[in-house]
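Okay, everyone, let's get going. Have a look at the model on the screen, and then I'll talk you through a couple of spots.

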Amino acid sequence: MSTNNMSDPRRPNKVLRYKPPPSECNPALDDPTPDYMNLLGMIFSMCGLMLKWCAWVAVYCSFISFANSRSSEDTKQMMSSFMLSISAVVMSYLQNPQPMTPPW
Amino acid sequence: MKAFHTFCVVLLVFGSVSEAKFDDFEDEEDIVEYDDNDFAEFEDVMEDSVTESPQRVIITEDDEDETTVELEGQDENQEGDFEDADTQGDTESEPYDDEEFEGYEDKPDTSSSKNKDPITIVDVPAHLQNSWESYYLEILMVTGLLAYIMNYIIGKNKNSRLAQAWFNTHRELLESNFTLVGDDGTNKEATSTGKLNQENEHIYNLWCSGRVCCEGMLIQLRFLKRQDLLNVLARMMRPVSDQVQIKVTMNDEDMDTYVFAVGTRKALVRLQKEMQDLSEFCSDKPKSGAKYGLPDSLAILSEMGEVTDGMMDTKMVHFLTHYADKIESVHFSDQFSGPKIMQEEGQPLKLPDTKRTLLFTFNVPGSGNTYPKDMEALLPLMNMVIYSIDKAKKFRLNREGKQKADKNRARVEENFLKLTHVQRQEAAQSRREEKKRAEKERIMNEEDPEKQRRLEEAALRREQKKLEKKQMKMKQIKVKAM
């Protein structure tokens with residue numbers, strides 16, 4: 001028995017629980033992409049009411065933000081950004097149903 | 001086109017007229033006897049009408065027997081012909097008097113001039129065209145979004161399969177070394193979940209605990225962002241590998257005091273800049289490990305030579321040589337506190353907390369084009385980790401090494417205190433002023449004048465004592481200086 005204990009490195013009495021590392025400690029390691037894309041999406045949504053291509057870029061930004069988001073991220077924030085960009089696209093087409101002209 | 005139109009009209013007229021004529025015949029035989037001359041007027045009309053522009057046709061039914069066709073032509077000749085036709089035809093009475101049409105001769109001319117005006121075709125606005133082709137940019141955008149969504153699903157699934165493959169390969173080894181394999185910290189009891197924690201679509205964690213020497217081991221699978229199409233396109237320009245990062249937290253009594261790192265030169269240069277402990281304790285440039293039999297791709301950062309000699313034993317060299325392409329960095333430190341924290345106010349007021357840690361960063365083979373079977377290649381590296389844990393426990397510095405290490409740590413602490421001296425003084429001053437202000441406020445708020453006076457006296461006495469102490473110190477310093 002004792003030899004078994006010696007060779008077995010496991011120690012049930014020394015188990016420590018997992019503590020998620022606080023994100024404040026490592027702000028540099030945290031990926032800022034979802035936050036930036038969220039912000040960009042909202043800005044482009046506002047501009048989308050004037051320019052159609054801005055509204056489309058806003059939709060892309062919200063998709064990119066969603067793809068890069070962390071699991072702990074608030075889904076309400078994501079959804080609101082997404083819905084805002086979709087509504088910008090819809091409203092710009094309701095206002096002006098003509099097809100989009102390239103910005104160049 | 002106009003000729004065809006006229007021809008059709010005439011045919012129609014001819015048809016109706018002939019129909020009327022045929023009605024008169026009861027027998028078919030009589031048709032043969034029909035005189036061709038009767039069609040003379042129609043012949044003229046037909047020849048003329050083929051050559052000229054569309055005309056208005058008036059059919060008059062004078063008698064039951066015959067139907068006369070009057071054509072209003074554009075030319076006077078035509079009208080002349082009509083007159084002849086009229087005279088030839090047996091019209092007994094004309095419904096319209098010629099005088100009635102005196103003013104109407106110009107009308108066909110004006111209508112013809114109008115017909116000669118060019119017809120301008122106005123462009124129909126694009127959104128009224130009902131043509132999908134004009135919306136090509138929108139279609140392009142939607143196609144791009146669909147492509148992004150497809151890539152998201154495919155990338156997410158691939159990362160998930162890679163993570164599961166890694167865990168299936170390493171599960172047995174981990175379960176034989178640790179009591180707790182897999183914990184998310186939310187369960188009431190410390191039981192193994194037996195699965196990875198998904199932090200992201202590309203980051204998976206695994207916490208293992210319950211072993212000799214160490215408090216626990218956190219394994220982080222940092223895959224590429226295959227779910228983000230932009231990242232996929234960026235990686236086409238610059239290939240990057242998936243990484244496995246392992247952080248072993250050692251018990252204080254199971255690791256001696258030293259800082260040591262080995263890895264690729266590029267990684268070590270970056271770590272030396274970023275990491276607090278490596279920048280403070282290993283200030284020299286990374287050295288080549290050729291002396292110990294390491295390949296040229298690997299370099300060493302060490303606090304002292306004795307640590308390097310102790311760490312680079314045969315088995316460790318074997319691991320490093322055989323798996324050099326998969327090793328990014330190996331970092332052992334008793335002063336690990338993470339990357340340097342840049343604060344806006346300047347230096348932090350106290351030294352950051354340190355932990356005895358072993359850190360390993362491995363690159364998954366494939367440079368991005370990874371398959372689940374590639375995870376098997378990482379199993380020997382996990383063996384290296386386990387070996388390193390046991391080695392760190394066994395390795396002890398000799399007396400000289402220990403003294404050197406202690407001296408280094410004292411030096412770093414002193415430097416830190418010097419740098420923060422000014423900030424600490426200011427902080428202490430502000431604390432003292434805060435205390436005084438609070439006391440004064442307390443005295444002011446005191447209603448009883450007797451108590452107020454006593455408190456004021458006590459405060460004055462304290463101030464005087466402090467002043468006396470300071471004066472004493474100054475005198476002592478002066479005496480010492482002398």
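How many bridges join strand S8 of chain B to S11(B)? There are 5, and the two strands, with S8 covering residues 259-264, run antiparallel. Pairing here takes at least two DSSP bridges between two strands, and strands are DSSP runs (E, at least two residues), while helices are H or I runs of at least four, numbered from the N terminus.

Quick housekeeping: this is a predicted model, where local features need pLDDT of at least 70 and side-chain atom pairs 80 or more, while totals for chains, interfaces and linings use all residues. Residues count from 1 along each chain as written, chains are lettered from A and ligands numbered from 1 in written order, and side-chain values use heavy atoms, without hydrogens and water.

Back to S11(B), residues 327-336: 10 of its 10 residues are buried, meaning under 20% relative accessible area with a 1.4 Å probe, protein chains only. Val330(B) in that strand sits opposite Val262(B). S11(B) also pairs with S12(B), residues 355-363, through 7 bridges, again antiparallel, and there Ser333(B) faces Thr357(B) across the pair.

Now the chain contacts. 47 residues of chain B touch 31 of chain A, with contact being heavy atoms within 4.5 Å. Between these chains we count 2 salt bridges, that is, a Lys or Arg side-chain nitrogen within 4 Å of an Asp or Glu carboxyl oxygen. One of them links Asp183(B) and Arg17(A), at 2.8 Å, N to O. On the chain B side, H6(B) gives the largest share, 14 residues.

Technical notes
Buried < 20%, exposed > 50% of the residue type's maximum accessible area, 1.4 Å probe, protein only.
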